[in-house]
There are 2 protein chains.
Amino acid sequence: MLVPSFTAAQTSCRALEHVGVHMDSAALQVDLLLEADLRGRPSHGLMRLPRLVERICNGVLNPGATGQHQWRGNFLEVDGQNGLGPVVACSALDALAAASRQHGLALAAIRHNNHLGMLAWYAQRMAAQGLILIAASTSEALVHPWGGRRAMLGTNPLAIGIPIAGKPFILDMATSVVSMGQIHDHALRGQQIPAHWALDAQGQATTDAAAARQGSIAPFGEAKGYALGLALELLITCLAGSAIGTDVVGTLDSTQVCNKGDLFIVINPGERPDLARQLSGYLDAVRGSGGSDQTVSVPGDRAMQVRASNLESGITLADDVWRQIQRMAGRQTQSTEQQA
Amino acid sequence: MLVPSFTAAQTSCRALEHVGVHMDSAALQVDLLLEADLRGRPSHGLMRLPRLVERICNGVLNPGATGQHQWRGNFLEVDGQNGLGPVVACSALDALAAASRQHGLALAAIRHNNHLGMLAWYAQRMAAQGLILIAASTSEALVHPWGGRRAMLGTNPLAIGIPIAGKPFILDMATSVVSMGQIHDHALRGQQIPAHWALDAQGQATTDAAAARQGSIAPFGEAKGYALGLALELLITCLAGSAIGTDVVGTLDSTQVCNKGDLFIVINPGERPDLARQLSGYLDAVRGSGGSDQTVSVPGDRAMQVRASNLESGITLADDVWRQIQRMAGRQTQSTEQQA
């Protein structure tokens, strides 16, 4: 179903406000999810909203929390107090932005926070302030080690955002070869998956998407991608004091407190004349490196095209997702009445 | 030729001292190169020493420089003054170690520095002090963008080192699918290379190693590996004020001042009871995730096995490399006499 983005945003905010989320927090959370839909990444879009509402109703997500901050130099330890992912994260990022302006850089390690969603959104936010962001997060174990037969790693996304005069460069990628969302999508459509995407529950390579859902996803880039995902798993756990590997829960379900970790490093690049021209000139040369018959993409190029088109046309939501959000926006839930 | 590591180290130090390198600096540089040979990575080993000596003789490497430091909060800007890679880097890392103990973390961006060599060596050094290191470096353009037909990116290695009670985890990987050294090696042996490794000078996929030497190497992990390498290229350039893409020179030749950039972030993880047990227990579970018939490697596992064996047996050096080093150790060069 095609829904105008303004309508989708307004209705979604109301759904969150009905379960006790403050207007400003609801706006942040919805902006994050909507942005993913606009960029053509529905797996991180509004389809996640009903689960957030359920998590609030189930008492494993605290809609009023913004996180407890404890500075150690320019190292910010954050207890997310089970708040909304982007609410806790943005509160930490605001603090990091101020600290990095004064001290060059600052880092936040966050535990007890809910799902961050699309990391590019945070990178965009920092780039708009002229700041570099390196962001990473762990998640439930879905990815097998290279050579391994069962899920031991999160999809552990990594983002790097670099402000370039109004047109930032933003890398945002999972360290798995695909997302579990794409495998679910293939299973729903009855489509086969490529043989290198996943293993079944017995640890054997499979092209059966339904079998892959019970198994594990491959890391991207074979041994090197596995090594990077593993490094992020250890780094984040080490800094945030979060759970690791198969101990991570609460990123996919509606009933468990989320115990993964998030990491943000904000760097103030300072001012360097001609830097923007150097970097954007280079990126244009990269785009032109395919010869006359092939355009090379820079990360973010395609997403921005999709975004422009979706802003015009509206976003595509599954019928049942949109109905569920509308229903949630239309009535008080039992647990909110209890809270109120 | 098998050479005992002690003999290789002693002779190599003498070769550097003969061209004006201070004893301590020579020891650092040789320890770095030797460590690569010990770990079975000869492309980053003592085979690089003759070029360093040539660079000193040609006046593009300043054997006495340790780098000029300028702090901006906890952001250290370093002008490497064309010094030896590990000498400039270790001087910066010592400063970062002190700053990170006081402020939680610190960053150095270095320009005008020579080749860093194997990044794992730096990560090991920081881990021995209980500190986390994130390190990355640009290099001459050898890698084509995903979908591109010519070299636009350095092999841009990334290292992440995490101290774990005496047995650190160390990721150290190039963002290319292989090193140019491996392609040269295949060419020398007259062996074909796999079709996905490289393009020839016309931008066509090739299995001819000699043709690939004139062309470009593929990024690892297809589009995602390319995106990561590109992010590092931009990040380092942005922070270090170094050259970018095809403008980078001096990492492979003997005659040009090196204008790439290096980035180090040192983080003090603080103390968390039981962390070492949590992390090493997890890594053991990862090693065991291959089932009964397959061992899964954690980054560094194989290198450490090779190292133990090479420490016993000695390192393997190409005959002409070892003869060259011995010759350089045995006589004063003309340019040193001029310097003296």
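**Entry 1: A:A120**

Contact here means heavy atoms within 4.5 Å. Leaving aside neighbours within four places in sequence, A:A120 is in contact with A:R39, A:I170 and A:D172. I found A:A120 in helix α5 of chain A, residues 119-127. Helices are DSSP runs of H or I with at least four residues, strands are E runs of at least two, and both are numbered from the N terminus.

Is A:A120 buried or exposed? A:A120 is buried, because its relative accessible area is 4%. Buried means under 20% relative accessible area, exposed means over 50%, and partly exposed lies in between (1.4 Å probe, protein chains only). I also checked A:A120 against A:I267: they are 147 residues apart in sequence and 16 Å apart in space, C-alpha to C-alpha.

**Entry 2: ground rules**

I noted that residues are numbered from 1 along each chain as its sequence is written, and that chains are lettered from A and ligands numbered from 1 in the order in which they are written. Local features need pLDDT of at least 70, side-chain atom pairs count only at pLDDT 80 or more, and totals for chains, interfaces and linings use all residues, while side-chain values use heavy atoms, with hydrogens and water left out.

**Entry 3: confidence**

I turned to pLDDT, the predictor's confidence in each residue, from 0 to 100. The mean pLDDT of chain A is 94, and 97% of its residues reach 70 or more. The model scores ipTM 0.96 and pTM 0.96. Over residues 332-340 of chain A, pLDDT stays under 50. For that stretch the model has 11 contacts beyond four places in sequence. Where pLDDT is low, the predicted coordinates should not be read in detail.

**Entry 4: helix α3**

I went through α3 of chain A, residues 49-57. Its buried residues are A:L49, A:P50, A:L52, A:V53, A:R55 and A:I56. After α3(A) comes A:G59, with a positive phi near 80°.

**Entry 5: where the chains meet**

How many residues does each chain bring to the contact? Chain A gives 72 residues and chain B gives 72 residues. Together the two chains bury about 5700 Å², and 69% of that is on carbon and sulfur atoms. Buried area is the accessible area (1.4 Å probe) that two parts lose on being put together, summed over both. A:K224, A:C238 and A:Y282 supply 12% of the area that chain A buries against chain B, more than any other three residues.

I then counted polar contacts across the interface: 18 residue pairs, both residues at pLDDT 80 or more. A polar contact is a pair of N or O atoms within 3.5 Å; within protein, one must be able to donate a hydrogen and the other to accept it, and residues adjacent in sequence count only if both atoms are side-chain atoms. On the side of chain A that touches chain B, several elements supply at least two residues each, among them β3 (75-83), α8 (222-240) and α9 (275-287). The largest share, 14 residues, comes from α8(A). By class, this side has 43 nonpolar, 21 polar and 8 charged residues. Ala, Val, Leu, Ile, Met, Phe, Trp, Tyr, Cys and Pro count as nonpolar, Asp, Glu, Lys and Arg as charged, and the others, Gly among them, as polar.

**Entry 6: salt bridges**

A salt bridge is a side-chain nitrogen of Lys or Arg within 4 Å of a carboxyl oxygen of Asp or Glu.

I looked at A:D293 with B:R149, where the closest N and O atoms are 3.6 Å apart. A:D293 lies in the loop between α9 and α10 of chain A and B:R149 in the loop between β5 (132-137) and β6 (158-162) of chain B, so the pair joins two chains. A:D293 is exposed at 58% relative accessibility, and B:R149 is partly exposed at 26%. B:D293 forms a salt bridge with A:R149, also with 3.6 Å between the closest N and O atoms.

Within chain A, A:D301 and A:R287 form a salt bridge, 2.8 Å between the closest N and O atoms. A:D301 is in α10 (residues 301-313) and A:R287 in α9, 14 residues apart.

**Entry 7: A:S242**

I ended at A:S242, in the loop between α8 and β10 of chain A. A:S242 counts as buried, at 5% relative accessibility. Beyond neighbours within four places in sequence, its contacts include A:N259, A:K260 and B:Q278.
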